[in-house]
Amino acid sequence: MSAALDAPVERRTAFRARWRVAARLASRQVRRTILSSLLITALIALPIAGMTAYAIMAFSMSATAEERSRVELGDMRAWVSVVGGPDSAIVQAPTEPDWYGFASHSDGTQAVPDQLPEAATLLPVDTEMIPIVEGQLRVLTSHGAAVLPAWSGESWDERFTGRFDLVDGQRPRGAEQAMVTPAALDRLGASIGDAVVLADTREAFTIVGTLDAATLADDTAALFLPAGAPIAGETRWYLPQLELSWSDVQQLNRQGAVAYSAAVVLDPPERLDDETMTVTDSAQGVMWSVLMLLAVAGAFAGYVVVMLAGAAFAVAARRQQRSLAVAASVGASAGDLLRAIMLQGGVLGLVGGVSGVVVGAVAAAGIMLLTADGSATQYWGFHVPWAVLAGILVFAVVVGTASAAMPARAIARSDTLSALRGARRPQRLKTSRPVWGSVILLIGVVVTLAAAAAMGAVNAADVGYDSPLRLIPPFGIVIGPILVQLGILLSGAWLLWIASRGLSRLGMAARLASRDAAANTSRTVPAFAAIAATVFIAVFAIGQIAMQTSLSARNWAYQAPVNSLSVQLYSTGGSAVIETDAASAAAAQAVELTDMVDARGAAVIRKQVPPQFADTSAEIDQDAPWLMAVLPERYLLDPQSQTSYTYSSQDPTNPLSVIEPSEIETAIGVELSPAQLSAYRDGAAVVADPRYASGAEIELSAWTAAEAFDGVVPDNIWLPADGQPATAPPRRTETLDAIVLDLPHQPTAIAIAPEQAAELGITAQPAQVIASFAGSPSTAELDRATAHAQVLGTTAVSLAPHYEQGPSRDGFWMIPILIAVAVLVLGASAVALGLARFERRPDDATLSAVGGTRALRRGISFWQGLIIAGLGTFAGAAAGVLPPIGFAIQSRGTLLVEDIPWLELGLLAVALPLSIAVVSWLIPPRAPDLTRRTAIA
């Protein structure tokens, strides 16, 4: 009985003893192989540091409740903003009042009040409130005029500390005094005691101090004016004393207001109705997006690190083989050896993880310090997501342990006697692996092509967009190439063996290098698998982005010539038609706007007002001429086979523009010859779209405005369809000489001079202003143009500036991807080739002993680099082009396979491994130690 009770105790004691021995062996081997241990630790630490830095920075950009309340309110208790009437039935999120919706009435309608109520009528009598209006104002500066952010109201009240903070000077004490941000003093060319003058009203305020707004960067110029200043914007009533509960906020919602309450934000309600739950908290969305990106990056980084660190472990484990065999000879089991090496992986993973977390945290702090702009909302604080970092640390331990798994299994199964006498036989190739690898590789190719074909069939069929049939094929297009990668990995040893058979005929160096790679697959296969994975993702991304970029370029809607500023005039009144006087005034303001951003020249584009825009025929001059150039029928679309069209920013129904001769080159973005300019002044038309011209002439046909309003003029888009009203014959046709240019992407299709327009009876008014620049305008200048446009607009016309840069080019995305893949491939190759050189030292000694020259050993390094990097790059590129081809097939002509940059990808597959091989050849091998020659059994 006693023996039976003691047996479990003895087993537990023996189990703990074995783990202690394994831990002792592991720690000893880590110290003995310090260089490989440091390499593995660094490989694990690098991605962990990147993940840690990203996690800390991402979470630091999300505010806690206390931080958000401080920035929104300072020491105030709440703010209230009226956004609707009593019947609006507003539903807001408790902590995000700017996210609100309107609950529908039972009849599905919404009451729209004529005038919004005052907040004072919605709150208890005698409630202290401080109204603050936020908007923009034009002020005079030492260099002209500028549009600056502005607040009106007592923003300098001490109870706003945290929201608005006093920097210098004193707080205003009268209606003629104001404050500015420190940056505004430089922008205005003023100092405390000087005056700031409003550009529109010439009203002056004395600057008595500087104030800092928590939401603004330190270099942002802004104004803080007293209540009653002419600022148009949202009004918020701040409550210094009144606490608002969640029920109070909901009551305000029913009265047409939203509220931000410190009491609600710091203690949000736990139960919300269904309508309120539909408004999502931004912090939760940020958290999930961060975690998703970390998971994806971690999966890729983990795969690459496991491959490279696994190769390093394989080399280190072979160095330990003799000492571990000694342990096996005195009673250590295969499990003990397995545990010893796995513990090494876990320990190095932990060390690398801790190091990476520390380095990542320091890097995040440094980056945040260098990139902080002074705004409290850029980085709300230094937020360390401890739970996420703990997960990253566990991930590092898992990666380290997984890296040691395959070498540990190989050592545990090794022959003890062979290891004791130092024999290093080549690894045996299992026939099952290449067979299964080939099968998986073929399955991956079939899955990719089948998924592409299935997606094309689904798109052709009438399948609902919420059907699972639309979700499965895209996954297949991506999963198929991943299976190809797995097949290549399993077939790696066989591929190396095939390569060694072929390269053996290219000389001694190629033969020895290929045989070394084939004989040490535990080192070489993980290396080229890591390279293949990196190149796979890069080729996938480059191919897909190139096709999408080309599609975007084909369908790009140009608003002006490239590198020009377009200022479009839009009606903001009740009618879609802008009155002529208002359009002329707005065009003058638009030209003034282009002067403010130092434009080289500006062109006013005048067009006929389309009669179709009128609400009724009574609003138009019935007999006024409507002239247009008619596209030949061969360019029109068939409504039976097409449902949409792309017109490259040109308006085919109104293709005529009236432009001054002095402004025509700015309008079309090209220089005309003196002869062409002279012909344009004499009445010729500039035709940017050759489809409208017939030889060197163009025909303009005239109808009346009434006919255009009735829709009986050609639309220049569709072929006439059955049942459509017949097109009225033109009242007259005019023939003009044409200056034909091949500029199909110009928004200006046909331009004539004002004198010619007057002869033709055309009445045109400004519709757009285009400005050109001597160089590229800065981001600050473009931001300034946008800010000016918001202020210059009137109740009748708004200005919409847009800087035309054209579609993005492949190089914008391709160059960073190529740089990233080159760095990763170079890093992986450096690890693999460094391990190969380290493990090849005994062989180098043997080669030197039998007459091997330094040039031979350089040649071996060259071919090893070419084999490892070449196989990895070729395999990754071959698998990486499959998804873009699959998506091109499923798009049914929208994405084109010929848009994939085949030349660049081919150069990547050839030049990158060749460069690595050349660098490996240039780095001379170490002098061999002839005392370390090992007998080859």
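**Exercise 1.** Leaving aside its neighbours within four places in sequence, which residues is serine 261 in contact with? Then work out whether serine 261 is buried or exposed.

*Solution.* Before you start, keep in mind that this is a predicted model.

Step 1: find the residue. Serine 261 sits in strand 12, which covers residues 257-261.

Step 2: list the contacts. Once the neighbours within four places are set aside, serine 261 touches Arg77, Ala78, Leu244 and Val249.

Step 3: check the accessibility. Buried means under 20% relative accessible area. Serine 261 has 0%, so it counts as buried.

Step 4: look at the polar side. A polar atom of the serine 261 side chain lies 3.3 Å from the backbone nitrogen of alanine 263.

**Exercise 2.** Which residue forms a salt bridge with arginine 70, and how exposed are the two partners?

*Solution.* Here's the idea to start from: oppositely charged side chains can pair when their charged atoms come close.

Step 1: find the partner. Arginine 70 pairs with aspartate 75, and their closest N and O atoms are 2.5 Å apart.

Step 2: check each one. Arginine 70 has 35% relative accessibility, so it counts as partly exposed. Aspartate 75, at 38%, is partly exposed too.

**Exercise 3.** Take the salt bridge between aspartate 157 and arginine 159. Is aspartate 157 buried or exposed?

*Solution.* The N to O distance in this pair is 3.1 Å. Aspartate 157 has a relative accessible area of 14%, so it is buried.

**Exercise 4.** What parts of the chain does the salt bridge between arginine 731 and glutamate 707 tie together?

*Solution.* Step 1: note the distance, which is 3.2 Å from N to O.

Step 3: check the surface. Arginine 731 is exposed at 57%, but glutamate 707 is buried at 12%.

**Exercise 5.** How many salt bridges does the structure hold, and which residues are linked in a network of them?

*Solution.* The count for the structure is 14. The network links Arg68, Glu72, Glu96, Glu234 and Arg236.

Key. Residues numbered from 1 in each chain as written. Predicted model: local features only at pLDDT ≥ 70, side-chain atom pairs only at ≥ 80, totals over all residues. Heavy atoms only, no water. Salt bridge = Lys/Arg side-chain N within 4 Å of Asp/Glu carboxyl O. Buried < 20%, exposed > 50% of the residue type's maximum accessible area, 1.4 Å probe, protein only. Helix = DSSP H or I, 4+ residues; strand = E, 2+ residues; numbered from the N terminus. Contact = heavy atoms within 4.5 Å. Polar contact = N/O pair within 3.5 Å; in protein donor to acceptor, adjacent residues only side chain to side chain.
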